[in-house]
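Grab a pencil and work through these exercises with the model open beside you. Each task comes with a step-by-step solution.

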Amino acid sequence: RVPAGCPLEAEVWARLLSIQASPWMLAQPFSLVDEQLERRQGQWAVGAIGRQLLEPAALGGATPEDVAPDAPFSKVVAAVAQRMPHDPQHPAWSRLGPKAGELVRWWKTQRDLERFFRDWNADPQRERFWRRYVRHIRDIQAYRTASALGMRIGDFWFVEFGEIGNASYAFRDVDWQGSTHQRRRARSPADLRALPKDRVRRRTHRDGWEPRFEEWVEELTGC
């Protein structure tokens, strides 16, 4: 029996995640694994099983692209992610471990980005831009009534709006956390733009905006 996470198993996963092997991955039903996870939904055992499945793939070089919604391997990550407890302090998360947990976070981040930008008919150019930061986005909060998405990168929350014509804003995490009540009551982009901030941090989506946004994000977060 090959121990989970050993170099050999990581090498095998690196091969399975390659372009040449993707038809094999697509053909796998993973029904038995899915059944086992379903029976243990919300329990600490989901984290242990998830680690056995995902950690070797992480060590094998899995990238955010490997867990994108349309990637073959994403269904394995989704099976784990959808059955993990909602409470981040639950023991299942510690059993999942940081390597496997990172794959789950990447999957959730891309799922949330897709839901916001595609299901809400938001600007696809903005979606492509923020997907570049999947490795760095630590949390996401959606505000449907305000058609807005908040993304935490480093010590800042970047707020992107679905409707073209709205600028993007950045808020320090301390200001963001201190305005929970106001955010919950947000009903329009103006409500979120009015959140307390130490100074205005905003960028508009004028022609050639992407390089300026890259400099902005790097200036505030180092990413």
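Buried means under 20% relative accessible area, exposed over 50%, and partly exposed in between (1.4 Å probe, protein chains only). Helices (H or I, at least four residues) and strands (E, at least two) are DSSP runs, numbered from the N terminus. You're looking at a predicted model, where local features need pLDDT of at least 70, side-chain atom pairs count only at pLDDT 80 or more, and totals for chains, interfaces and linings use all residues. Residues are numbered from 1 along each chain as its sequence is written, and side-chain values use heavy atoms, leaving out hydrogens and water.

**Exercise 1.** Check the span of helix H4 (residues 44-59).

Step 1: the expected span is 1.5 Å times one less than the number of residues. Step 3: list the buried residues of H4, among them Leu 53 and Leu 54.

**Exercise 2.** Find the salt bridge partner of Glu 160 and say what the pair ties together.

Step 1: a salt bridge puts a side-chain nitrogen of Lys or Arg within 4 Å of a carboxyl oxygen of Asp or Glu. Step 2: the partner is Arg 126, with the closest N and O atoms 3.1 Å apart. Step 3: Glu 160 sits in strand S3 (residues 156-161) and Arg 126 in helix H7 (residues 124-131), so the pair ties together parts 34 residues apart in sequence. Step 4: both residues, Glu 160 and Arg 126, are buried.
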